[in-house]
Amino acid sequence: MVAGYGDDHAHDHKPKFFTRWFYSTNHKDIGTLYLIFAIVAGVLGGFLSFWMRAELGEPGIQYFEDDIRRFNVYATMHGLIMIFFVVMPALIGGFGNWFVPIMIGAPDMAFPRMNNLSFWLLPTAFACICISFFVPGGEGGEAGFGGGWVMYPPLSTSGSPGPAFDFIIVGLLAAGFSSIFGAINFITTILNMRAPGMTMHKMPLFAWSVLVTAFLLLLALPVLAASLFMLLTDRIPGGTGFFDPSMGGDPVMFQHLFWFFGHPEVYIMILPAFGIVSHVVSTASKKPIFGYLGMAYAMVAIGVVGFVVWAHHMYTVGMHPFLKAYFVAATLVIAVPTGVKVFSWLATMWGGSIRFTIPMQWALAFIILFVIGGVTGVVLANASIDTLLHDTYFVVAHFHYVLSMGAVFGIFCGFYYWFGKMSGYLYNKWLAGAHFWLFFIGVNLIFMPQHFMDMKRRYVDYPVEMADLNWLSTMGIIPTGLGMLFFFLMLIEAFIVRRPAGDNYWGEGATTLEWTLSSPPPFHQFNKLPVMEYDDHH
Amino acid sequence: MRLKKALLLGIPALLLASASAFGAEPSFGWDVGVTDNAAEGEKFLYYVYVLIAVIVAFVFVLMAYIMIRFREKANPTPSKTTHHVGLEIVWTILPVLLLMTLVYPSFSTLFKQDIIKEADMTIKATGYTWHWQYDYVGMEDQIDEIISKPLSREEAGEDKYLLATNAPLVVPSGTKVKVLVTSDRNLHSFSVDPFWVKVDAIPGRINETWFEVYEGKEGTYYGQCAELCGINHYYMPIEVRVVTKDQFNSFVASGGDYASLPADKNAVQTAALNK
Ligand code: HEM
Ligand SMILES: [Cu+2]
Ligand SMILES: [Cu+2]
C-alpha cells in the first residue's frame with residue numbers, strides 16, 4: 001500500500017491548553033474546533049426550527065402572539081445559522097480540515113495561520129448574528145431581522161431600519177471572508193502539497209469534492225460580499241440607491257446578485273457530502289469506487305453548470321419567457337451529472353460485500369433522501385410548474401430533503417465514519433443506531449407531508465384546510481429531537497467509556513491514507529512524506 | 001436467481017402502482033383546470049410526477065436488491081470491478097433522453113403562460129403593506145378601485161379566515177383578463193393557484209400575467225401573497241369573484257356594488273362584504 005511514511009511518536013509534543021486551542025495552527029485541532037462550533041450552532045438553529053414547527057402544529061397563533069414578526073425572524077435566523085454556521089463549518093471547515101491534508105499525504109494545510117484566522121472569524125461572525133436577534137430591526141422597533149435568509153430589498157433596506165440587519169451584514173461578511181480564506185487554503189494545499197505519486201487522478205474523492213467546493217466558494221462569495229456591501233450603503237439614509245427604484249435602482253438586481261452566489265452555495269453545501277458518502281459506500285462495500293473519474297468530473301460539471309442556473313429561483317420576478325426557457329434547460333442539465341453520482345454509488349455497492357455499519361446506514365439514507373430531493377428539483381426546474389409551486393412548502397420540502405437531510409446526513413455519515421479516527425474512541429453502536437433510526441423517521445415525517453400541503457412559505461398562520469398535514473409534520477419533531485438526544489448520549493458515553501479505536505477499524509475497504517495512521521493521528525503526521533507506491537484509485 | 005425473477009416482476013408492478021397512484025385521482029383541493037393554463041399545467045405536472053415516481057421506484061428497488069443480494073453474508077468476497085464504460089454511457093444518455101421528454105411540454109406551457117394574448121380587459125393589482133388594491137384600467141370613470149382587505153377571524157369564520165376579504169376582485173368568465181402587478185413599497189406576489197397564476201409585485205416595475213376562467217366555472221377563488229413582505233405576509237389574501245359577463249356588466253353599471261352580485265356558496269356572506 002503506502003510505504004515510507006514515518007512518525008516519531010516520542011516527539012509528538014502538544015502545546016498547552018490555551019495555546020493549543022486558541023492559537024491553533026494545527027489542521028486537526030482547527031477541524032475539531034469547527035466541528036464543535038457546528039454542533040453548538042446546530043443546537044441553536046435546530047431549536048429555532050422546532051419552535052417554528054411547534055407554532056405551525058395547529059392553526060392560529062400559539063407562541064408568537066406578542067410579536068408575530070418574530071416568526072419571520074426565527075425563520076431567517078434558522079436559515080442563516082444552518083447554512084453558514086452549521087453545514088458549511090462542519091463539512092468544509094471540520095472534515096475538510098481534518099482529512100484533506102491527511103488524504104493527500106500532506107503534513108498540514110498550506111497556510112496554517114490563515115487557517116486559524118478562518119476559524120476565529122466564524123465565532124466573531126456568529127456573535128454578530130446572535131446580537132442581531134436582540135437589537136431593534138423592524139419598522140416598529142421590534143427586535144431582529146425578519147427578511148428571510150435571502151435578504152431581498154426593500155424589506156432589508158427601507159423595510160428594516162434598525163441595526164439588527166446591519167449586524168447580520170457584518171456577520172455574514174465575516175463568515176464570508178472566513179470561507180474565502182479557507183477556500184484559498186484548500187486550493188493551495190490540494191494543488192501543491194500532494195504526496196509524491198498522489199496525482200490529481202489518484203486523489204481521494206473527498207479531496208476532489210473539497211477542491212471543487214473551494215473553487216465555488218472563491219468565485220461565489222465575493223459576489224455575496226459585494227451585494228451585502230451594496231445593501232449596507234443603500235441602508236444609509238441619503239446613501240446609494242442600487243436597489244431603490246425611486247433612485248433609479250432595481251430590487252430585482254439584488255435577487256440576481258444574491259442567487260448568483262446562492263445557487264453555487266447549495267452545491268457548496270452538498271458536494272463535500274458527496275465526497276464523504278463515496279468513501280463510506282466504498283469502505284462498507286469493501287470495493288473501490290466505481291467510475292472514479294466519472295465521479296470526480298461529475299462534481300466538476302455540477303460546479304461549473306451550477307454557476308449558470310441561478311435565475312431558476314426567480315421564475316416569478318417577471319423575466320422574459322425565453323430567458324426562463326434557458327434557465328429551465330440549464331437546470332435540467334444538472335440532473336445528468338447528479339444521476340451519474342447516484343448510479344455510481346449503486347454500482348460501487350454492486351458486487352460488493354456490504355456491511356451495514358452505522359456510517360453506511362447514514363450513507364444509504366443520504367442516497368434515498370437525495371434522490372427524493374433531486375427529483376422534486378426536476379419538478380421545480382420547470383418554470384411553468386414553478387408558477388404554481390414557487391414560495392410554497394413544496395419548495396421548503398425540496399430544499400430540506402437535499403439540505404437539512406442530504407447535507408446533514410452527509411455530516412453524520414462522516415462523523416460516524418471518522419469518529420474513532422478523530423477521537424480515538426469507538427462509539428456505542430446501539431446508541432448510534434437509535435440516533436440514526438429516530439432521526440431518519442423523524443425528518444421524513446416532518447418534510448414528506450410538506451410536499452402536499454398547498455401552503456405558502458414563511459406563514460405564521462394558515463387556513464384550517466391545511467391543518468392536518470401541518471400537524472403531522474410537527475409530530476415529526478418528536479422522533480427528530482429524540483434522535484438528537486441519542487446523538488449527545490452517544491458522544492457522552494463514548495468519552496466516558498473510552499473504547500480505544502484501532503488504526504483501521506473498518507478493515508479492508510478503507511484504503512485512504514488516514515487509515516494508515518494511529519487513532520487519533522499523531523499531532524503532526526507525515527513528517528516524512530508517504531509515497532504512493534502502486535497505481536490505485538480511491 | 002429467485003431474487004432476479006422477483007426483481008423482474010417487481011419493478012413493473014411497482015412502476016404501475018406508483019404511476020396509478022399519481023395519475024389516477026388528481027386532487028388539488030379545487031376545481032381542476034378552471035383556466036387553460038391551469039389545465040395544461042396540471043397535465044404536465046402529472047406527467048412529471050409519473051416520471052419521477054418511476055425514477056424513484058427504479059432507484060429504490062435497485063437499491064433494495066443490491067442491499068439484499070450483496071450483503072456481507074450473501075456475498076462474502078467482493079468483486080474488484082471499478083469500470084464499465086458501456087454502463088457509464090448508458091446512465092448518462094438515458095437520463096438525458098428522459099429529460100428531453102420534458103423540454104417540449106415545459107416550454108410550450110411556459111410560453112402559453114407568459115405570452116399574453118390580446119386581452120379583453122386589464123386589471124392593475126397593487127400590493128400594499130398589507131392588502132391588495134385592484135384598478136379596472138380604462139374603466140376608472142365607471143368603477144372605483146377596489147381596496148381589498150382581509151377579514152378578521154370573526155368576520156370570515158374558521159373556514160375562510162386568511163382567505164376571505166371584504167371586497168373581492170370581480171371579473172367576468174370567458175374573458176381574457178390581463179393583470180398588471182406592482183407594489184408600492186415591499187415585494188409581494190400576486191398568486192392565485194386555481195388560475196395557475198403567480199407573479200411578483202415589485203416597486204418600480206410593472207409585471208404582467210393573465211387568465212381566462214372558463215364559462216361555467218364562475219365562483220369565488222382564493223390566493224395568498226407569495227413573497228415575504230413583512231409582518232402580515234400571511235394575512236393579505238387575494239379573493240377573486242368570477243361572474244358571468246352579464247353579471248359583471250350589472251356590477252359595473254351599479255358602480256361596483258357587491259349587492260348586485262348573486263350569492264355564492266363558496267364566499268363569505270357578511271355585512272362586512274362591501275367597501
Ligand atoms: C430537522 C430540522 C429542521 C426543521 C424542523 C426545519 C424547519 C424549518 C422551518 C419550519 C422553516 C420555515 C419555513 C417557512 O416558514 O417558510 C425552515 C426554513 C429554512 N430552513 Fe429549515 N429546518 C430544519 C433543518 C434545516 C437545515 C439543516 C437547514 C440547512 C441547511 C435548513 C435550512 C433552512 C432554510 C435555508 C430555510 C429558509 C429560511 C427562510 O425562509 O429565509 N433547515 N426550516
Ligand atoms: Cu438553485
Ligand atoms: Cu407577502
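A polar contact is a pair of N or O atoms within 3.5 Å; within protein, one must be able to donate a hydrogen and the other to accept it, and residues adjacent in sequence count only if both atoms are side-chain atoms. The model is predicted, and local features need pLDDT of at least 70, while side-chain atom pairs count only at pLDDT 80 or more. Residues are numbered from 1 along each chain as its sequence is written.

**Exercise 1.** Which polar side-chain atom lies 3.2 Å from an oxygen atom of ligand 1?

Solution. The atom belongs to Tyr393(A).

**Exercise 2.** Find the protein donors of the iron atom of ligand 1 and state the arrangement around the iron atom.

Solution.
Step 1. Donors are N, O and S atoms within 2.8 Å of the metal (3.2 Å for Na, K and Ca); water is not among the atoms, so sites may look incomplete.
Step 2. NE2 of His78(A) and NE2 of His400(A) lie 2.0 Å from the iron atom.
Step 3. The two histidines are 322 residues apart, His78(A) in helix α3 (residues 69-103) and His400(A) in helix α12 (residues 393-423) of chain A. Helices are DSSP runs (H or I, at least four residues), numbered from the N terminus.
Step 4. Because the 6 donor atoms subtend angles of 88 to 180°, the arrangement is octahedral. Six donors count as octahedral if opposite donors are over 155 degrees apart and all others between 65 and 115.

**Exercise 3.** Is His78(A) buried or exposed?

Solution. Buried means under 20% relative accessible area, exposed over 50% (1.4 Å probe, protein chains only). His78(A) has a relative accessible area of 13%, so His78(A) is buried. His400(A) is buried, also with 13%.

Note on methods
Chains lettered and ligands numbered in written order. Heavy atoms only, no water. Tetrahedral: all angles 85-135°; square planar, octahedral: opposite > 155°, others 65-115°.
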